[in-house]
Amino acid sequence: MKRQRQRLDVGARIDRGQRLAFRFNGKSYEGFSGDTLASALVANGVRLVGRSFKFHRPRGIYSAGMEEPNALVQLGTGAASEPNLRATQVELFDGLEAASVNCWPSVNFDIWSLNDRVSSMLPAGFYYKTFMWPTGLWMRYERAIRAMAGMGRTAREADPDRYDQTNAHCDVLIAGGGPAGLMAALAAGRAGARVILADEQNEFGGRLLSEPEDGETIGGRLAVDWVADARAELAGMAEVRLLPRTTVFGYYDHNFIGLIERVTDHLGGAAPEHLPRQRMWRVRARQVVLATGAIERPLIFAENDRPGIMLAGAARAYLNRYGVQPGEKVLVFTNNDDAYRTALDLNAAGIVVPAVVDLRADPQGSLPARAREAGIEILAGHGVVGTKGRLRVTEARVAPVSDGAVAGPARTISCDAIAMSGGWNPAVHLFSQGQGKLRFEEARGVFLPGNTIQANRSAGACNGAFPLAVCLAEGTEVGALAAADAGFGAPVLALPETKEAEEAPMEVVWQVPSDRPPGKARAFVDFQNDVTTKDVKLAAREGYRSVEHFKRYTTTGMGTDQGKTSNINGVAILASALGEAIPAVGTTTFRPPYTPVSFGAFAGRELHEFYAPIRRTPIHAWHESHGAVFEDVGQWKRPRYYPRAGEGMHAAVRREAIAARSGIGILDASTLGKIDIQGADAAELLNRVYTNAWSKLEVGRCRYGLMLGEDGMVMDDGVTARLAEDHFLMSTTTGNAARVLAWLEEWTQTEWPDMKVHMASATEQWATVSISGPKARNLLAELTGDFDLSPDAFPFMSFREGIVAGVSARVFRISFTGELSFEVNVAARHGLAVWTACMTAGEKYGITPFGTEAMHLLRAEKGFIIVGQDTDGTVTPADLGMDWIVSKKKPDFLGKRSLSRADTLRSGRKRLVGLFTEDPKTVLDEGAQIVAEPRDRPPMKMIGHVTSSYFSPTLDRSIALALIEDGPDRMGQTLHASMPGRTVPVRVTEPVFFDPDGERMRG
Amino acid sequence: MAETIPSQSALAPLGLEARPWPEDAPVRMEEHAHSGKLVLRGDHRDSDFMNAVRGVLGMTPPLVPLGSMMVKGRVVLWLGPDEWLIACPAGAETALYAELRTALNGVHAALVDLTDAQTIIRISGPRARDLIAKGCTLDLHPHTFGAGHVARGTLAHAQITLLQTAGDGEAGSPAFDLYVGRSFAQHLWRWLEDAAREYPGGTDPA
């Protein structure tokens, strides 16, 4: 294990007592508790951490935060492995294992870096221009290009980690726990508001964590101590929820906010089993405070991408927060005063600062003055015009610059790091996601929050307020205002005094000139996507004026970092190339997520059995223990068939169907929708929603009904019983129960509010045991003595109430199988007992449970339709040959008018018929297309399709139902069904195959 | 005669009695099965309807959203402007149904016995709200929701009617009755049990 040779001996927010071993690219290292992977790598002198996306150029750690474009790592191995994490955000834990992404075979020798040698041949839009023709080959090219440009690998195995989600509400949600966010939280929290304070880092404090310990003070306290006090006070407030390690990633409508909390990521293998790895928070906030800070803007200069070149604020963070030297000889390059803080801190830590190269002609602020006092050379009016070094920067060439051009000879300064700053860009991402409009401020070249349409306020650096005192003041103000708007009168909050050096104005420089011949030295704008200034200008020349097109053409701002460090520079350089003002070009749309969120977190616990609710009948456990194979019908699980040992589906279905035709079959029909309808106008409601007439249905009788949509197409069907003069029980298909109830509610609430009728879903109140077959009456007779079962006393399509198998029951004599059938409805709690009683008593009749598959076969033999299988929303009653159920006398019913439309009356509509295959053993595929003339060349005319198809053991041949153009006019004709690899001749027949007069079910 | 046949609760197949929750667990759940549930619909502006209901229940049903009322062991839950759920002790629903039917004779109203259509999952403990929040978007904070409040919503994609039965002050921690459709009950229970893994002290899911 190597010594942490770049680690300072004292200071910083790491615990040197807690050593953590980790591996990077196969080598062992050591870091401390409090480190990120990036800071630990810097501490170990690891400079080269990755390769760029396109040219595979060596790249080093560039930032200290979520904006990192270079240091992308694959974390972990095997199933839990995760690609493209930013090393700057990965908290170090013992046993961490990471590798660079996007380099092969290794980061030091990357074979694809050949791309870099031929980079002039790979300009912006190269892939579009080269590989888009012929279009058919793009898929092949794409595979090779992706292999070359791939960024990390997703694990092949299922993710073993657990993720959770939760919902939350609050009065004030604060995004960002820096000085502004903390003050806002204190102000809102003291007012008594429900506050959520979220920050993506492991501790609150924001940039204060990266300042030197003897730096700024707040209220006379060291900044970090003030942070600790504020945190402690907030933690003591019952209504304040502190969420560190939590990124506010999405700002949606109506202050709906997405947060991702990394619950145990920082614990590695020590994570407690009971906690999820990450938790997604879905928050509805009355008020939002955005205190998201600012992201340092890089200076764009020639050869600016060598490892060792990093943002000045990041250099300061590594030094002050993590106690590591970003280099031994660190050149500082700036256009503003803030970078002088970095120079001063480095100098104070004993690190050589060869010079501060300042693009401004005459920097006169207090910070440059202090640098001069400290003996740091300031090269005013100078710029870095080039660099050298292969796997790390070794020298910078510095020349006088003025008016955007090199104004004198360059000199060489040896260094092993360059800390540079082009100013700070307010992090307006969330503000913009929330549909806030941005405004551009010329003086600092920044986009700032403008008008908002949601209840939010911005404070601190994200609002363009960089000085600490202003951050605190703004935070206090917006925290109090947000609380007040949420209904909490805010107490006066004294503003703490601050001690902070004042800054002189910056000078906006979008592009540092170079003395190298054009085309020889590249200046990178977007590191992750290898976009150079040349690419930006090329795009402008080629006519890409829209910033959105420009983004996609050059790939600026794409990828995992979404251009956190490159977007604004890219826009500015594009604007200059187009000769337009920056605000006229604008920014690309900011979209969620702010930083990448794992799919696991979006899925949460909605996996496997929790993917969707599973609805079970009261008899479900019996089906399970008797080996039922289930099928999904809506959310219900229904037994499809009950295979015996060694039995396949066809054999089981055959056995079950024969039992129902010859003895007794028993079916769990509990899933059928049941709607209780009460009121004086109940019968009239049925008249209006069904095609047939209901007023004259006698109490105690049942009737089948067909329900149409307003378009006249069949929507649902089922049997409805009249329980009393003003009381009906409607049954619906299993999958349509909720829809039909909503349909009835909609009509009665919006169109017919005067009707005296109420509906309620009674589906789950009842367990429905359907016994079917010639022996069904014998069985029922054994289970009840309450009512006369003789055909005259209890006729088909009627119902009786009484005791069955010891419990109160409603027995309906209705049939879907075509056999003598009784549907016994009992309170759900008794369902299993009654089912079991039937099984026991029915044993001597060979009672056989049958599933939906046999049920479908039995009803198809009878030509009974299934809505949704034999219909598809384009089928009228006439198309089904069911004109008989459409009342000609009723003044109106839903869908009536559509039945007289020209299209519903025309000939040539697809209509229901039966099909017999010429070979009785051949079973057609459901969905098979029907043609009249199989020898036609494609595209041939398809005249219909098979809707239901089975092998009927009763008829000992295959049967099918089909919707065929003018089907009933084709009786006896031979048509052809398309099957995989062949056509099958079929004969058109009536759609009722068995007992056409219904003698069995009426018997 | 009916009672000679065993009654099976919605959650009986899960064998919950075999794994009770510790008394001091951050959340506790139990099934409260078989209590009577009648759904009543009618027009509260119709004095005949209101008089009939008042005569049987001894109270005016709650007329404001989120409201519930408890009298003589019965709880009446506001479900909508013309809809109430009347919960009563197990077995009392048949007599209550008959009594209401008689009283409502000739009045436009609907009454349905849905005792078996739903079961109740009772959730209590200091983390009860956090547990429910994992799958439900209702705001149950004491500022907006308290003992006696009732709301309908979805939890883990199942429709629920949620009644807060105890506030933080009374029992030390809140308690909620979740009315859930019988067919969804096992799904919801298992989902809640899985969600509660985060609060050690609960039982391990089977």
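## Burial and size of chain B

Of the 206 residues in chain B, 49% are buried. A residue is buried if 20 or more other C-beta atoms lie within 10 Å of its own, exposed if 12 or fewer, and partly exposed in between, with C-beta atoms placed from the backbone. This is a predicted model, in which local features need pLDDT of at least 70 and side-chain atom pairs count only at pLDDT 80 or more, while totals for chains, interfaces and linings use all residues. Residues are numbered from 1 along each chain as its sequence is written, and chains are lettered from A and ligands numbered from 1 in the order in which they are written.

The C-alpha atoms of chain B fill a box of roughly 55 × 45 × 30 Å along the principal axes.

## Confidence

The model scores ipTM 0.95 and pTM 0.93. Chain B has a mean pLDDT of 92, and 95% of its residues reach 70 or more. pLDDT is the predictor's confidence in each residue, from 0 to 100. Within chain B, confidence is lowest in helix H4 (residues 168-171), at a mean of 72, and highest in strand S10 (residues 175-181), at 98. Where pLDDT is low, the predicted coordinates should not be read in detail.

## Inside chain B

Chain B has five helices and ten strands. Both are DSSP runs numbered from the N terminus: helices (H or I) have at least four residues, strands (E) at least two. Among chain B contacts between residues at least 6 apart in sequence, 59% join residues at least 24 apart. A contact means C-beta atoms, placed from the backbone, within 7 Å.

Chain B is divided into domain 1 (26-34 + 117-197) and domain 2 (36-113). Such bounds come from an automatic or database domain assignment. The C-alpha centres of these domains of chain B are 23 Å apart.

## Where the chains meet

In this model, 41 residues of chain A are in contact with 40 residues of chain B. On the chain A side, the elements that each supply at least two residues are strands S8 (163-175), S36 (673-678), S40 (758-761) and S43 (807-813), and helix H22 (831-842). The largest share, six residues, comes from S8(A). This side of chain A has 18 nonpolar, 13 polar and ten charged residues. Here Ala, Val, Leu, Ile, Met, Phe, Trp, Tyr, Cys and Pro count as nonpolar, Asp, Glu, Lys and Arg as charged, and the others, Gly among them, as polar.

H22(A) has twelve residues. Its buried residues include Leu832(A), Trp835(A) and Cys838(A).

## Backbone details in chain A

The peptide bond from Pro592(A) to Pro593(A) is cis, with omega near 0°. Another cis bond joins Pro938(A) and Pro939(A). Pro939(A) lies in the loop between strands S47 (929-931) and S48 (944-952) of chain A.

Asp956(A) is not a glycine, yet has a positive phi of about 50°. Asp956(A) counts as exposed because it has 9 C-beta neighbours inside 10 Å. Asp966(A) also has a positive phi of about 50°. With 14 such neighbours, Asp966(A) counts as partly exposed.

Note on methods:
Two residues are in contact if their C-beta atoms, placed from the backbone, lie within 7 Å. The expected span of a helix is 1.5 Å times one less than its number of residues.
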